[in-house]
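Hi,

Here is the structure I promised to pass on.

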Amino acid sequence: MNVNIEQKGIEAWRAFLEVHAAVIRVLEREMAEEQGLPLTWYDILAHLDRAPQGRLRMQALAECLLLSRSGVTRLVDRMEQAGLVRRESCPDDRRGCYAIITQDGRLAVRRAMPAHLRGIQRHFLHHLNDRDIGALQLAL
């Protein structure tokens, strides 16, 4: 590979990581301030809200969120205490269980969604034109 192209690629990768981290920090802060909800909780609720019957196996939820299974378990434990999700055993796998969104969880995610989408627009999409967005979609 051409060293110049490789260097540009590394610089692009680094810029991607820095922008991702910066946008996530802002979205986390705004979600906490405006909705009193950690961004990771919002992500879990959004995935469950879109899932059939509002439920996902814990392993599938971990894969959706790019988190470890133990990390998701700890998050769901706290969310269950807050009344946003509940667990149910998986009838065909004694070791597995489902995370299921509660009515309070549905209300929380739907109340937070407009603010989250506004934040994505303001801190990410606002800086891109249609061509940029198309190139990102194609590249990613």
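L61 sits in helix α3, residues 58-65. L61 has a relative accessible area of 0% and so is buried (buried is under 20% relative accessible area, exposed over 50%, partly exposed in between, with a 1.4 Å probe and protein chains only).

A word on the ground rules. This is a predicted model, so local features need pLDDT of at least 70 and side-chain atom pairs count only at pLDDT 80 or more, while totals for chains, interfaces and linings use all residues. Residues are numbered from 1 along each chain as its sequence is written, and side-chain values use heavy atoms, with hydrogens and water left out.

Now the overall picture. The protein has 6 helices and 3 strands, in the order α-α-β-α-α-β-β-α-α along the sequence. Helices (H or I, at least four residues) and strands (E, at least two) are DSSP runs, numbered from the N terminus. The C-alpha trace spans about 55 × 35 × 25 Å along its principal axes. Of the 140 residues, 31% are buried. Among contacts between residues at least 6 apart in sequence, 52% join residues at least 24 apart.

Next, the helix packing around α2. The axes of α2 (residues 39-50) and α5 (residues 103-123) come within 9 Å and cross at roughly 110°. Axes here are lines fitted to C-alpha atoms, for helices over the stretch in contact, and angles run from 0 to 180 degrees between N-to-C directions. The two helices, α2 and α5, are therefore roughly perpendicular (65 to 115 degrees; under 35 is roughly parallel, over 145 roughly antiparallel, and the rest oblique). On the α2 side, L39, Y42, L45, A46 and D49 meet G105, R106, A108, V109, R110, A112, M113 and H116 of α5. Those contact residues split into 8 nonpolar, 2 polar and 3 charged (Ala, Val, Leu, Ile, Met, Phe, Trp, Tyr, Cys and Pro are nonpolar, Asp, Glu, Lys and Arg charged, and the others, Gly among them, polar).

α2 also meets α4 (residues 69-81), with axes that come within 11 Å and cross at roughly 85°. This pair, α2 and α4, is therefore roughly perpendicular as well. T40, W41, I44 and L45 of α2 make the contact with L75, R78 and M79 of α4, and these divide into 5 nonpolar, 1 polar and 1 charged.

Most residues other than glycine have a negative phi. Q53, in the loop between α2 and β1 (55-57), has a positive phi near 60°, and at 68% relative accessibility Q53 is exposed. L66, in the loop between α3 and α4, has a positive phi of about 60° and is exposed at 76% relative accessibility.

Cheers

Definitions and conventions: Contact = heavy atoms within 4.5 Å.
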